Amino acid sequence: AILVGISFASCGEVNNGDTNGGGGVDSKKLVKVYGTDGQSVESYTFNYDEKGRVIQATEEYRGEENDVTTYQFTWSDSSVRVKSSDGHTATFTLNEGLVRSCDDNKAMFTYNQAARLARVEDDYEIEEMTWEGDKLMSVSKSEEGFDVYDITTFNYNGSCQKGYFPFMSMLADLPWDMLFMANPEFVGLKT
């Protein structure tokens, strides 16, 4: 469901003592995203391990129909496996702290020289991101072999949260976007 309306995000602190890749000591982590269009409500909640990696996400939709889906994340040094409560699974491969591929839709992730996500290509579409330093400037979408059919551009007032905001992964329509909302560093975004 696509929601247009008021959205809220809240952050909590993860005090895990880890200073190497888990988000750091007392790092702030996204714990809930909430959106409404006045007639329905969609929310995402996140739980993390001691290294600051998402281990569970719950997507809840309340409206004409109600639906709750829970996602479990299992981590290894080179991958993360995601399993939803409705039985779908996906495995993401990691290399140098970044997601490189996903077996769901055969997605491949490409990064620019600053290790920012620049392209996601899967069986169905191609998404390309352009950056100016830490600022995401645009996301374009196209189907393979066809022209761009959607471009989202971003304007800033001089201050920026290092190129990341929680809905970036939803705007970019990445597969299994909850992983990237909770841990944007795995696609090169700084928190």
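## Overall picture

Of the 191 residues in the protein chain, buried ones make up 42%. Keep in mind that this is a predicted model. The chain is built from two helices and 13 strands.

Its exposed surface comes to about 10,500 Å², with carbon and sulfur atoms supplying 46% of that. As for contacts with a separation of 6 or more, 33% of them link residues 24 or more positions apart.

## A look at Thr58

Thr58 sits in strand S4, which covers residues 54-62. Its relative accessible area is 16%, so Thr58 falls under the 20% cut-off and is buried.

What does Thr58 touch, leaving aside residues up to four places away in sequence? The list runs Ser43, Tyr44 and Thr45, plus Val68, Thr69 and Thr70.

## Salt bridges

Searching the whole structure turns up five salt bridges. One of these pairs Asp49 with Arg53, and their closest N and O atoms are 2.9 Å apart. Both Asp49 and Arg53 are buried.

Another joins Arg100 to Glu96, with the closest N and O atoms 3.9 Å apart.

Bridges with shared partners tie Arg119, Glu121 and Glu128 into one network. On accessibility, Glu128 comes in at 36% and counts as partly exposed; Arg119, at 24%, is partly exposed too.

Methods
Residues are numbered from 1 along each chain as its sequence is written. This is a predicted model: local features need pLDDT of at least 70, side-chain atom pairs count only at pLDDT 80 or more; totals for chains, interfaces and linings use all residues. Side-chain values use heavy atoms; hydrogens and water are left out. Helices (H or I, at least four residues) and strands (E, at least two) are DSSP runs, numbered from the N terminus. Buried means under 20% relative accessible area, exposed over 50%, partly exposed in between (1.4 Å probe, protein chains only). Contact means heavy atoms within 4.5 Å. Accessible areas come from the Shrake-Rupley method with a 1.4 Å probe; for residues, only the protein chains shown count as cover. A salt bridge is a side-chain nitrogen of Lys or Arg within 4 Å of a carboxyl oxygen of Asp or Glu.
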